[in-house]
Structures are given as C-alpha cells and as structure tokens.
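Here are my notes on this one, point by point. Have the model open while you read.

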Amino acid sequence: MRDEEAEMSELSAVNLERITEGIRKATRPVKILWQADDTLAFVARGREHRSEFHSDPSDEVMYMIKGDMNLHYRTPQGEEKVAVIREGEIIYCPAGVPHSPRFESDAFVLVLERKRRAGERDRFTWYCDNCGKVLYESVKHVSDYNADLVSRAYEEFYGSEKSRTCSSCGHVTPRP
C-alpha cells in the first residue's frame, strides 16, 4: 500500500440542507465543514449589522445556498461597490479585496478558501460612514476558524468609543 493510501481517510459527502438547518438553530453563525492542510470550507448564516470589510490573504469563493447577498467591496481607488449574489449563484473574490458580505440571518453561504499559512494575517476594517476614511482596523492571524475571530473583531470595535470615532471628521459610529 502506498503512503497516500495509508493516510487517506474515508471520503464522505456533506448535506448542505442539514448543515443550514443545524446553523439556523445554533447560537454560532458558522459551521466549519473542514480545515485541511491547504483548504478550508464553511457554511455561514447571515449576521445582523455586518459592517466591517474583511481582507483575506487568499482567494475566496462564495456560493449562496439560500437567500441573496449584497457583497459590499472596495476598489483599489477606495470606492465602495456592491455585487448582488442571488440564491444558487457563486462569486470569486480575489485575495486582498476588502469585502463585506451582508445578508439576512435566514440566508446561508458556502465559503471555500485557502487555509492561512504561518505569518499571513486577515484584516477587519471599518470605514467612517461620514467621510469614508479608515476608522478602525483589527489584524489577526486566523489559524483556526472555530475561534470566530470576526466576532472578536466586532467586540473590539463596538466595545470602544475611541475605535468608533473618526480621527478625520469626528463622526462616532453608533452601536447596533
């Protein structure tokens, strides 16, 4: 028997309908399907008040299982745009593009991306609603998606009025 055969475990399919039903009833909005050496897959439920822009160090593919998503993203020139992904559609988001997936809590997305390598960092950035300047940025190494670093970044941002106050125009982003 070859080494690859000895290391391989049983292959099994995932039922996305069962996964979404489980997430619908759970307190955590994310279900990790797998974290292999170089790949990561998870299903996420929409979150209320999503406002940050996430920049991944790797490409990301998103497939809308149920519902629609408004994927806000920022161009290299700093302009905010929105791509609408309907139920049953898929979108590719290149590494480094700041994006903010916004969809209702009864909608679900399948996300496929590369697992983070040592030294790679994810950025969670908030922009001022008034003037568009960077308001706050949290940089994290995501070694395990079960840690839910998105929620931690939100706690940092909304937990501090200083983080929510724009140094350029003085606007204070309200808590949701």
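1. Contacts first: of those in the protein with a separation of 6 or more, 62% are between residues 24 or more positions apart, a contact being heavy atoms within 4.5 Å. Bear in mind that this is a predicted model, where local features need pLDDT of at least 70, side-chain atom pairs count only at pLDDT 80 or more, and totals for chains, interfaces and linings use all residues. Numbering runs from 1 along each chain as its sequence is written, and side-chain values use heavy atoms, with hydrogens and water left out.

2. On the overall build, the protein has 4 helices and 11 strands; these are DSSP runs numbered from the N terminus, helices being H or I with at least four residues and strands E with at least two. Its radius of gyration is 18 Å, close to the 16 Å from the globule rule for 176 residues, so the protein is as compact as a globular protein of that length. (That radius is taken over C-alpha atoms, and the rule is 2.2 Å times the number of residues to the power 0.38.) The C-alpha trace spans about 65 × 35 × 30 Å along its principal axes.

3. As for surface, 41% of the 176 residues are buried, where buried means under 20% relative accessible area, exposed over 50%, and partly exposed in between (1.4 Å probe, protein chains only). The protein exposes about 10400 Å², with carbon and sulfur atoms supplying 47% of it; the areas are Shrake-Rupley values with a 1.4 Å probe, and for residues only the protein chains shown count as cover.

4. Which residues of helix α2 are buried? In α2 (residues 16-25) they are I19, T20 and I23. They share one side of the helix because their arc around the axis is only 95 degrees, taken from the directions from the helix axis to the C-beta atoms. An α-helix has 3.6 residues a turn, so residues three or four places apart point the same way. E17, R18 and K25 are exposed on the other side of α2. Cover for the buried residues includes β1 (30-35), β2 (40-45), β4 (60-66) and β9 (108-113). At the N-terminal end, N15 caps α2, with a side-chain oxygen 3.0 Å from the backbone nitrogen of E17.

5. Next, strand β9, which holds E113. Buried or exposed? At 6% relative accessibility, E113 counts as buried. Beyond neighbours within four places in sequence, E113 has contacts including D38, F42, D56, D59, E60 and Y145. The side chains of E113 and R116 make a polar contact of 2.8 Å (N or O atoms within 3.5 Å; within protein, one able to donate a hydrogen and the other to accept it, and residues adjacent in sequence counting only if both atoms are side-chain atoms).

6. D106 sits in the loop between β8 (99-102) and β9. With 45% relative accessibility, D106 counts as partly exposed. Leaving out residues up to four places away in sequence, D106 touches R24 and K66. D106 and R47 are 59 residues apart in sequence but 9.1 Å apart in space, C-alpha to C-alpha.

7. Finally, the aromatics: the whole structure has 7 aromatic pairs. (Rings of Phe, Tyr and Trp, the last by its six-membered ring, pair if their centres lie within 6.5 Å; planes under 30 degrees apart are stacked, over 60 edge-to-face, and the rest tilted.) One of them, Y136 with F157, is tilted, at 5.8 Å centre to centre and 40 degrees between the planes. This pair links distant parts of the chain, strand β11 (residues 134-140) for Y136 and helix α3 (residues 149-158) for F157, 21 residues apart. Both Y136 and F157 are buried. Ring pairs also link W126, Y136, Y154, F157 and Y158 into a cluster.
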